[in-house]
Amino acid sequence: MNKFDKKIFGTLFFSIFCTVTGVGIVVPLLPVYAHGLGATGLYIAMIFGAFSLSRTFFLPYFGRLSDKKGRKPIIAAGLLAYALVSMAFILARNVEALIAIRFLQGIASAMIMPATQAYIGDITPAGREGTTMGLFNMSMFTGLSIGPFIGGVINDSFSLNTSFASMGFLAFVGFLLSYFLLPPTRSEKVVGRGKAPIDWKWLLYDREVAGLFLFRMAYAACIGVIWSFLPVLADSEFSLSSSSIGVLVMLGVFFSGLMHLPMGFLADRLNRKMMVVTGGLIISVAILSFEWADSFWDLVLGNVLFGVGGGVAMPALMALAVLKGGSTDAMGSVMGLMSMSHSLGMLTGSLFAGLMMDIFQLRHAFPSGAILMMLSVGLFFLFAYPKNGVPAETDLQVGPLDL
């Protein structure tokens, strides 16, 4: 990666780090806050689901738009919109208002992630897809890991409104970084390409894209279950403080982020698809363990194991997505689909778990995530490997060990 591309990488890394840290500050507090307002399990799921629902509808549009118009305008506008919408949480007085704000926040988020990940894909050197995406994903996972702890401290020391204001401020910092430090749009590779990208709908007919889509959707469903209901479980059955809940949520994301760079390095040298399958199996065991947790340390162990599974699977999965985006000249559309699968997973995971909580009991929310994950591992294996057993294009890796 040359000096010019390193500047782009660094700018996007810190822009997303600031924004995602703000998200992490608030996410663990929302379920407890909504529960205190009288929200049932289904309403809690709707608060998280509204965000995912709007993202799902708009992600393909903004991903393809970035393929046509460039990355910077979409990223900068999305970060500014995210900052403004985040401040609206201070005005919310009921669950319905929280749902509406999360819906608008999801639209802003849909502008940010596919364009950002596509920009990183554009500047990724050949043969270093896993390492580059693994390093970049650390910006998100590090932000999400320290955010919950900071949010718990802010809420215990000040107020929830201060946490909301912090989220908006950090998103605005991300906007300033991207607006002033990213190079002009005309310098982007995607703008100078001169041909229309493939429509995202046609990409779903690709077996490998379908496998990647389904796996990431199931992984996000498990995240939705944990983020929506682990704080409620920790509060109602273990009487943990906001700070302790923040630490608990932080651990899984922290361990996942910690593993992204070394696992990305390995993904450029090992079989990426088997890394995805292995990570999926670890995730399944981890989320199932929450149903049997008898102590705070059981919750810690399950969350750390979940982070390890994600750390093994996701760098390899995103490396496969970068290769597919490059081979189809539709990096924005591919990354839009990856983000879309994440939103669908968060939506279906939290809603299904919320119904399980209301119909049965709180702990029954977690096995639903394990079932979805196991199904996705099987489907990924089925779709990712051709029927004739011949490796697909994304299996053909040339790394330092091959030279």
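The largest cavity of the protein is lined by 36 residues, and V20, M140, L144, W227 and H342 are the ones that lie nearest its centre. A cavity here is a set of points, on a 1 Å grid over the protein atoms alone, where a 1.4 Å probe fits but cannot get out, and its lining residues have an atom within 4 Å of a point. The model is a predicted one, in which local features need pLDDT of at least 70 and side-chain atom pairs count only at pLDDT 80 or more, while totals for chains, interfaces and linings use all residues. Residues are numbered from 1 along each chain as its sequence is written, and side-chain values use heavy atoms, with hydrogens and water left out.

The space in this largest cavity is about 710 Å³, a volume being the space filled by probe spheres set on grid points that are joined across faces, edges and corners. By this rule, one cavity of 30 Å³ or more is counted. Eight stretches of helix deserve a look at this point: α1 (3-26), α3 (41-69), α5 (95-122), α6 (129-157), α9 (207-238), α10 (242-267), α12 (296-328) and α13 (331-359) each give at least two residues to the lining. The lining comprises 22 nonpolar, eleven polar and three charged residues. In this grouping, Ala, Val, Leu, Ile, Met, Phe, Trp, Tyr, Cys and Pro count as nonpolar, Asp, Glu, Lys and Arg as charged, and the others, Gly among them, as polar.

Helices (H or I, at least four residues) and strands (E, at least two) are DSSP runs, numbered from the N terminus. Of the 403 residues, 60% count as buried, where buried means under 20% relative accessible area, exposed over 50%, and partly exposed in between (1.4 Å probe, protein chains only). The accessible surface comes to about 15500 Å², and carbon and sulfur atoms hold 71% of it; these areas come from the Shrake-Rupley method with a 1.4 Å probe, and for residues only the protein chains shown count as cover. Among contacts (heavy atoms within 4.5 Å) between residues at least 6 apart in sequence, 87% join residues at least 24 apart.

Charged pairs come next. Side chains of opposite charge can pair when their charged atoms come close. A search of the whole structure finds seven salt bridges, each a side-chain nitrogen of Lys or Arg within 4 Å of a carboxyl oxygen of Asp or Glu. In one of them, D122 pairs with R71, with 2.9 Å between the closest N and O atoms. Because D122 lies in helix α5 and R71 in the loop between α3 and α4 (72-87), the pair ties together parts that are 51 residues apart in sequence. D122 counts as buried at 19% relative accessibility, and R71 is likewise buried, at 0%.

Another salt bridge joins K273 to E208, whose closest N and O atoms are 3.3 Å apart. K273 belongs to helix α11 (residues 272-288) and E208 to helix α9, so this pair ties together parts that are 65 residues apart in sequence. K273 is buried, with a relative accessible area of 1%, as is E208, with 12%. The side chains of R272 and D268 also meet in a salt bridge, at 3.0 Å from N to O. R272 is buried at 2% relative accessible area, and D268 counts as buried at 1%. Salt bridges with shared partners join D206, E208, K273 and K324 into one network.

Neighbours within four places in sequence aside, S66 is in contact with R71, I74, A115, V190 and G332.

Two loop residues complete the picture. A126 sits in the loop between α5 and α6 and is exposed, with a relative accessible area of 76%. Its C-alpha atom is separated by 9.9 Å from that of V322, although A126 and V322 are 196 residues apart along the chain. L270, in the loop between α10 and α11, counts as partly exposed at 44% relative accessibility. L270 and A316 are 46 residues apart in sequence, and 9.2 Å apart in space from C-alpha to C-alpha.

Notes. 1 Å grid on protein atoms, 1.4 Å probe; cavity = no way out; pocket = protein on both sides within 12 Å on 5 of 7 lines; lining within 4 Å.
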